[in-house]
Amino acid sequence: MSLDFNREPEFPPYNVYPPRWSFDNEKAWQLYRRAKREQWDEQDINWEKIKEIASGLDRKQRLAIAYWWSLLSTFDNATPVFAYALVKSHELHLDTAVKGVITTITYDENRHNVMCGLAINSVLPGYPFDFKPQDDLEKKVRLNTLWAWYNGSRYWKAYLEAYSKYTMDVLFTSFMMGEAAATTVFSTMSKGSKIDEFGKAFKNTAVDETRHYAFTHLIMTSNAASMNDERKKLVSKQVRAGFVFLSLITYKPPKDFWRLPPWYLEVTEKMEDLARSAGFYIPEMKEKEEAWRTAIMRVGATLGRYGVPMPAIPELGITGEEIKDLKEDDFVPVF
């Protein structure tokens with residue numbers, strides 16, 4: 001291949017070169033600066049104190065807490081999700097500050113994932129792979145965790161292919177609902193926890209999720225005015241998908257997506273009660289429903305402002321655009 005060095009080179013499309021810089025998206029720059037200010041270190045949580053507290057709990061209580069963190073890790077294993085989004089943002093030459101914010105979210109999600117591992121290691125080291133069930137309940141708890149992770153594996157290929165189906169603004173709207181709900185859930189858990197160090201972890205996580213929601217809101221509102229009806233329908237579908245996906249831990253998992261053991265919900269509710277008895281605060285069902293209603297009001301207000309139909313959430317008695325054709329590859333993993 002001959003190259004004419006007297007002319008400027010032609011760069012291939014969807015490439016991270018040439019690097020470009022932009023400095024006029026002030027809202028995104030504000031979020032990027034905020035993200036850097038609000039960073040925290042998961043190692044600053046006193047895990048030795050948590051180990052000490054855990055040593056005074058019975059086996060089932062420790063299992064219950066470890067189990068909850070294992071379910072959370074289904075969503076907090078989102079580092080590669082945003083790492084991939086970061087690569088795509090560079091290929092598409094998005095605003096410099098937008099790429100910067102996605103970089104910080106990638107870092108945040110890694111911290112959240114490490115936090116899940118540290119929490120499990122502090123209360124029940126080796127769970128679930130090295131955990132030896134002693135009765136039928138413990139066997140079902142362990143299987144619940146592994147099947148939750150199996151469901152996570154189902155969407156990975158679909159996520160990698162999502163960028164050929166959706167624009168970035170549509171793709172990120174699937175995160176809006178989850179981020180809005182997570183903000184409320186973690187804030188509630190931080191206030192209700194009787195284990196102070198876990199309370200600190202939840203408080204810090206809520207700060208991160210609030211900022212992540214602000215970013216999804218920015219991406220959505222920056223592009224909403226140019227959306228045609230087809231893209232608006234895709235947004236509605238993604239918001240619904242976000243609710244269904246996050247429901248595993250923040251509500252009740254709808255059967256139209258999740259492939260879980262028949263005992264999943266009964267065992268989870270029992271484990272939640274045991275965790276609460278140990279001072280590990282988990283919202284009751286009414287509180288979970290309220291958290292989702294708050295999230296839906298926040299997201300719905302934004303969607304309505306730009307003529308995007310709010311999807312129906314029949315699980316919560318909320319009417320709206322009925323989503324009938326939600327398929328497995330419509331789900332985008334994030335938390």
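# Core, rings and backbone

Reader: Which residues have the most contacts inside the largest nonpolar core?
Author: This is a predicted model: local features need pLDDT of at least 70, side-chain atom pairs count only at pLDDT 80 or more, and totals for chains, interfaces and linings use all residues. A nonpolar core is a set of buried Ala, Val, Leu, Ile, Met, Phe, Trp, Tyr and Cys residues joined through side-chain atoms within 4.5 Å. Buried means under 20% relative accessible area, exposed over 50%, partly exposed in between (1.4 Å probe, protein chains only). The largest core has 100 residues, and the most contacts inside it belong to Trp68, Trp69, Phe198 and Phe280.

Reader: Which helix gives the most to this core?
Author: Helices (H or I, at least four residues) and strands (E, at least two) are DSSP runs, numbered from the N terminus. The top contributor spans residues 168-192 and gives 13 residues: helix H8.

Reader: Which residues does Trp69 contact, beyond its neighbours within four places in sequence?
Author: Residues are numbered from 1 along each chain as its sequence is written, and side-chain values use heavy atoms, with hydrogens and water left out. Contact means heavy atoms within 4.5 Å. Trp69 is buried, with a relative accessible area of 0%. Its partners are Met115, Cys116, Ala119, Ile120, Phe198, Phe202 and Phe280.

Reader: How many aromatic pairs does a search of the whole structure find?
Author: Rings of Phe, Tyr and Trp (its six-membered ring) pair if their centres lie within 6.5 Å; planes under 30 degrees apart count as stacked, over 60 as edge-to-face and the rest as tilted. The search gives a total of 21.

Reader: Why is the pair of Phe23 and Trp29 classed as it is?
Author: The ring centres of Phe23 and Trp29 are 5.6 Å apart. Their planes meet at 15 degrees, so the pair is stacked.

Reader: How do the rings of Trp68 and Trp69 pair?
Author: Trp68 counts as buried at 6% relative accessibility. The centres of the Trp68 and Trp69 rings lie 5.2 Å apart. Their planes stand at 90 degrees, so the pair is edge-to-face.

Reader: Which residues join Trp68 and Trp69 in a cluster of ring pairs?
Author: Ring pairs make the links here. Besides Trp68 and Trp69, the cluster holds Phe186, Phe198, Phe202 and Phe280.

Reader: Where does Thr104 lie, and which residues does it contact beyond four places in sequence?
Author: Thr104 belongs to helix H5 (residues 96-123). Its relative accessible area of 9% makes it buried. The contacts of Thr104 are Tyr32, Ala35 and Gln39.

Reader: Where is Pro128, and is its peptide bond from Tyr127 cis or trans?
Author: Pro128 sits in the loop between H5 and helix H6 (136-154). Omega is near 0 degrees, and the bond from Tyr127 to Pro128 is cis.

Reader: What is the phi of His93, which is not a glycine?
Author: His93 lies in the loop between helix H4 (79-91) and H5. At 27% relative accessibility, His93 counts as partly exposed. Its phi is positive, at about 55 degrees.
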